[in-house]
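Here's a handful of exercises to work through with the structure open in your viewer. Try each task before you peek at the solution.

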Amino acid sequence: MKKTVLLLPAAAALVACATPVPVGERPKLSAGDLDQVNAVLKRDFHARGQASMERVQLDELQRACNLHADNPPPELARKLEEAQLQAIRFPEGGLIGDWKAGERIAQSGRGAMWSDKPGVQEGGSCYNCHQISPKVAAFGTIGPSLAGFGKMRGNRPEIQRYVYGKIYNAKAYNACSQMPRLGASGSLTEQQIKDLVGLLLDPASPVNQ
Amino acid sequence: MMKRAWACAAALVFAPALAQQSPYADYQRMAAESAPIELFELGGEELWKKPQGPKNVSLEKCDLGQGPGVLKGAYAGLPRYFADADRVMDLETRLLYCMTTLQGRGREETTKRVFGNADQPSEMELLSMFVAGRSHGMPLRPGREHAKEKASYALGQKLYFHRAGPWDFSCASCHGEEGKRIRMSELPVLYKPQYARPLMSTWPAYRVSTSSVVTLQWRMNDCYRQMRMPEPVFASDATVALIHFMTVTAEGVPYRGPAIKR
């Protein structure tokens, strides 16, 4: 009996999702559509390893980005960004850590997958999307190149704070950024983020050579 | 079948889109010339004809959409709606259906090892290679008329863009913008026909980097793993809907697999 009740929203989802959207275009979603997609995920996915079913639960920001196709109205975007910024925990003092450790964190794509051992320190997967050290040829292009980042900007406290905040929670600066919220999600520790700030801002880092 | 393997290799060499876009064209050509596609297809054929399960029958009467036992062109017509199951099914879902109904086997036994490895491809992977090979050269024509086919397409389209999980990823996070890479891998924008066509016409495939046979159900599974999401249930509506959505987007392209992938 319980099973039937649980399946009802999913069945409704299949029917309600039938509004045709032309091939090659992104669909516009209503709040109802989104709830129905969520019902399908709850029915058709299962927990495995550390990847629990809580992960299909959307937070307010994910809901807004899904509803607005990653392009929320400016006022909503500002509100979302403000809320994300408020939740960043900035450490006291200097934020430039060890760039050598930062390089290893940037290289590592480990962590948070059901195939990863729980408790193993996660990486940032940074090179998947960014050019960083010019010595590393295998870099992705989804995010902007960060080669020479500190050389161009210097490393005064405001820059350090911006880079720390951006890595901790990219959505505080661009509500529907494609970049994960690496600190807010619990993937990277305070020290790891400082080490990444070092990689980008330390004048000795290969990024700035 | 030997002829087919060579035709496949030739298609990879001469397909202008591939040759111009991908720096891996030479690599793919060399890999294609020595890949064991044909052996996998033969392995799948053996399994197709092998009596199994409590009913001790083979899959030879399995209806893949073109009538019981019809293999030719069946894969090119999937995913589609099946009245007997009252749902849309892709190849793997339909094979699973035939194993559990025709052969009377349990779901647990048949899904225990759907994804194989370099040493030993799974039964599902070998069968997929065999069935797909019988559609070589035929245009992809997935079902899109039945109400449930329309619903499945629309659901797949929404899932493609749905951001969730600890890293806020959707399929479109990686496959959403033209000309982007993850590390050195070029990322096809699979909701656009010009990118979906060359890709969707090659699955299932032999993947050289892991020496393994890979299917579309595996691809959905492994993308969600990397998206840090929980695991999609094998042959679930969600996985079928995504495959259906991308196949409809690629509609009309001649099927040129089973292919070789990096």
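## Exercise 1: Where the chains meet

The contact between the chains draws on 48 residues from chain A and 38 residues from chain B. Keep in mind that this is a predicted model.

**Task.** Find out which elements of chain A give two or more residues to the side that touches chain B, and which one gives the most.

**Solution.** 
- Step 1: list the elements. They are α1 (2-16), α2 (31-44), β1 (45-46) and α3 (60-67) of chain A.
- Step 2: pick the top contributor. That's α2(A), with five residues.
- Step 3: sort this side of chain A by class. You get 29 nonpolar, 13 polar and six charged residues.

**Task.** Work out which strand of chain B is joined to β1(A), and in which direction the two run, parallel or antiparallel.

**Solution.** 
- Step 1: look for bridges. Two of them link β1(A) to strand β7 (residues 231-232) of chain B.
- Step 2: check the direction. The pair runs antiparallel.
- Step 3: zoom in on one residue. Phe45(A) has Pro232(B) in β7(B) as its bridge partner.

## Exercise 2: Two domains in chain A

**Task.** Describe how domain 1 of chain A meets domain 2 of chain A.

**Solution.** 
- Step 1: Domain 1 covers 2-85 and domain 2 covers 99-208.
- Step 2: get the separation. Taken over C-alpha atoms, the two domain centres are 28 Å apart.
- Step 3: count the contact. On the domain 1 side there are 14 residues, and they touch twelve residues of domain 2.
- Step 4: assign elements. On the domain 1 side, α3 and α4 (74-86) of chain A each give two or more residues, and α4(A) gives the most, with five.
- Step 5: classify. The domain 1 side has seven nonpolar, four polar and three charged residues.

## Exercise 3: A helix pair in chain A

**Task.** Decide how α5(A) is oriented relative to helix α8 (residues 190-201) of chain A.

**Solution.** 
- Step 1: take the axes. They come within 7 Å and cross at roughly 105°.
- Step 2: name the arrangement. Angles of 65 to 115 degrees count as roughly perpendicular, so α5(A) is roughly perpendicular to α8(A).
- Step 3: find who touches whom. Residues of α5(A) in the contact include Trp99(A), Ile105(A) and Ala106(A), while those of α8(A) include Gln192(A), Leu196(A) and Leu199(A).
- Step 4: sort the contact by class. It splits into six nonpolar, three polar and two charged residues.

## Exercise 4: Inside chain B

**Task.** Work out which residues of helix α11 (residues 216-226) of chain B are buried and what covers them.

**Solution.** 
- Step 1: get an overview. Chain B has twelve helices and eight strands, and 49% of its 262 residues count as buried.
- Step 2: list the buried residues of α11(B). They are Leu216(B), Gln217(B), Trp218(B), Met220(B) and Tyr224(B).
- Step 3: find the cover. It includes α5 (91-101), β6 (212-214), β7 and α12 (237-249) of chain B.
- Step 4: take α12(B) from that cover. The axes of α11(B) and α12(B) come within 10 Å and cross at roughly 110°, so the helices are roughly perpendicular to each other.
- Step 5: name the contact. Leu216(B), Gln217(B) and Met220(B) of α11(B) meet Thr239(B), Leu242(B) and Ile243(B) of α12(B).

**Task.** Identify the edge strands of the open sheet in chain B.

**Solution.** 
- Step 1: write down the order. It's β6-β5-β8 (chain B), with mixed pairing.
- Step 2: count partners. β6 and β8 (259-261) of chain B each have a single partner strand, so they stand at the edges.

Methods. Residues numbered from 1 in each chain as written. Chains lettered and ligands numbered in written order. Predicted model: local features only at pLDDT ≥ 70, side-chain atom pairs only at ≥ 80, totals over all residues. Contact = placed C-beta atoms within 7 Å. Helix = DSSP H or I, 4+ residues; strand = E, 2+ residues; numbered from the N terminus. Nonpolar A, V, L, I, M, F, W, Y, C, P; charged D, E, K, R; others polar. Pairing = 2+ DSSP bridges. Domains from an automatic or database assignment. Buried ≥ 20, exposed ≤ 12 C-beta atoms within 10 Å, placed from the backbone. Axes fitted to C-alpha atoms, helices over the stretch in contact; angles between N-to-C directions. Parallel < 35°, antiparallel > 145°, perpendicular 65-115°, else oblique.
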